[in-house]
Amino acid sequence: MLQLVVNGAIAGGIYALAGIGLTLTYGILRFANFAHGDLMTLGAYLALLLVGLGLPLAPAFLLALPLGALAAIGVDRALYRPLRRRGSTVLLIASIGAALLLRNLVLLSWGPQMRYFREEIQIAWRLPGGVMLKPDQALILVVCAASIVLVHLFLTRSRPGKAMRAAADNLDLARVCGIDTERVVLWTWGIGGVLAAAAGILLGLEIQVRPVMGWELLLPVFAAVILGGIGRPYGAMAGGLLLGVAQEVSTAWIAPHYKGTVAFAILVAVLLLRPQGLLGRARRWS
Amino acid sequence: MELSGLAAYAVFFSVIAGIYALLSLGLHLQWGRTGLFNVGVSGFFAVGAYASALLTTPPAAQHVGGFGMPFAAGLAGATLLAGVLGLVVGVPTLRLKEDYLAIATIGIAETIRQVFANEPRLAGGVQGLRDIPRPLRGAGAAADNLAFLAIVILAIAAAWWCLARAGRSPWGRVLTAIREDEVVASALGKDVVRFKMEAMVVGSAIMGAAGSLYAHFIGFVSPDAFEPLAFTFLVWVMLTVGGSARPSGAVAGAFLIWGVWTGAEFAVSHLPATVQTKAGALRVILVALVLEAILLLRPEGLVREKKGTDLFS
């Protein structure tokens, strides 16, 4: 059981990273970006490309992060920005198209086969309590924790972070206070893109790199984000961890191929009982 | 009766495009008329197909059913069950913002596919269900297809007429008002959630009917056939390109985009073999680009909605 909780924390850390980006774009731009999962996929493949160019893993991973941010900003500039005035549902359709574009460009460039960051098999450490943990998994936990702390510091201490929180709270009020909202949008996509790429790379390290990896993660990530309260970065962190652990622990009773269904069931339960999420405020008219 | 190769292909093409047109009409009611963001079209379609298959196939040892009923019972059952599924999805989501419905419908479509794939006792598992009977059969393959096309055209005509009529009715005007501004509609005393639920259920039922026709035409259903790409994304592109606010747009978009989709497949089959392995990806990129271009350049689609004032002219 302890093993399942640890596995859940690993999955949950990845959900949290992906979820923070998703929830930030939702909070500021007010639309659910269905292309977020495929930004994760793209991030993992960009890292793979850099590894293929001869870079060792660590610098390849670090270099792929700004590339992921550029990709997110690029999609926004080409597609979302011209459509922004036309409302969130048009953006929603556009993001579904963008998701398919990204996924199939990856498929076209790299092919459908699974790939791995490393070929060798890692020996797991045996920790107290009988928990098995591979070095890569320990790395994932550390990176997720560090990223969450960094995002927290960014949002609370830096000027662009504060501007982002203000814009997420009330876009018009932020604009009246002299905040350059276009800059905020740029920062949002930048941070969201970096975190999506990081989540994609970590997922690739833990399982494997495939063209549908990010799309398949989109539903649990949305569930995590809604569980925590959509638009709320701390909610995404808490929701991600909770959902990851819940999914893994559920495999003790439910067949593992229903993990996605478990995420969906939690999502429906949240929508029925507490649609504003764990950390959200009750809905107001806006 | 025998048809030439090209005519026979045209019949086959029209049956599939017609089934897409029905899906597109269902989505027109939900999205184009009412503003409900259903991204789980493939789920409602699959439920219709499986329901009809289970009701009409002869009894089988490996799974529940079949019940050996006639085609009409299968079609009715499929329509009913998909409508009920619409109700089930609507209950937790229709009170909330449209994004939640979008996420929930993606989830339900994926869940349905998982259940069909992993519960062989319910629906044959990954093997699927085969030997689904075809109505009006027995005059040779080409004539059978032609007869089936007549059924599909009848179904489209019925749905089209009802939706066009409903669009002009007081009921349809409330749905349009909800699409334009929910708060205003509810301020005028309309029970917004109830109207949305009705549009959701009727639209889902039409998708279920499309699923039933598909199952009886192909004669075989399996979980693989209900990938969201083929039966959700393509339907969205069809409706968006055709013009989501009118039934004629839904039908026109379905035939047009199905033409582009199959045409691209045909074109790619003439390319060298090395490129062909990437053909699937290229085709999706092409259709996704069509979608984005329409959104950027002509967001109302090819068939525009009549403005409120021309409704009475």
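**View 1. Arg157(A), Arg159(A), Lys162(A) and Arg165(A) come together as a patch of positive charge on the surface.** Patches here take residues with over 30% relative accessible area and no salt bridge, joining like charges within 9 Å and nonpolar side chains (Val, Leu, Ile, Met, Phe, Trp, Tyr) within 5 Å. The biggest giver to the patch is helix H6 (residues 159-169) of chain A, with three residues. Helices are DSSP runs of H or I with at least four residues, numbered from the N terminus. Arg165(A) sits in this helix H6 of chain A, and its relative accessible area of 39% makes it partly exposed. Buried means under 20% relative accessible area, exposed means over 50%, and partly exposed is in between (1.4 Å probe, protein chains only).

A quick word on the model: it is predicted, so local features need pLDDT of at least 70 and side-chain atom pairs count only at pLDDT 80 or more, while totals for chains, interfaces and linings use all residues. Residues are numbered from 1 along each chain as its sequence is written, chains are lettered from A and ligands numbered from 1 in the order in which they are written, and side-chain values use heavy atoms, with hydrogens and water left out.

**View 2. Asp172(A) and Arg175(A) pair up in a salt bridge, 3.7 Å from N to O.** A salt bridge means a side-chain nitrogen of Lys or Arg within 4 Å of a carboxyl oxygen of Asp or Glu. By this rule there are 16 salt bridges over all chains. Because they are three residues apart in helix H7 (residues 171-176) of chain A, about one helical turn separates Asp172(A) and Arg175(A). Asp172(A) is exposed at 52%, whereas Arg175(A) is partly exposed at 46%.

**View 3. In chain B, Glu182(B) and Lys196(B) form a salt bridge, with their closest N and O atoms 3.3 Å apart.** This pair ties together distant parts of the chain, 14 residues apart: Glu182(B) is in helix H8 (residues 182-187) and Lys196(B) in helix H9 (residues 192-218), both of chain B. Glu182(B) is partly exposed at 34%, but Lys196(B) is buried at 5%.

**View 4. Glu300(B) and Arg304(B) meet in a salt bridge, 2.4 Å from N to O.** Glu300(B) is partly exposed at 31%, and Arg304(B) is partly exposed at 43%.

**View 5. Salt bridges link Asp76(A), Arg77(A), Arg81(A), Arg84(A) and Glu182(A) in a network.**

Note on methods. Accessible areas come from the Shrake-Rupley method with a 1.4 Å probe; for residues, only the protein chains shown count as cover. Lys and Arg count as positive and Asp and Glu as negative; His and the chain ends are not counted. The place of a charge is taken as NZ of Lys, CZ of Arg, CG of Asp or CD of Glu. Helices (H or I, at least four residues) and strands (E, at least two) are DSSP runs, numbered from the N terminus.
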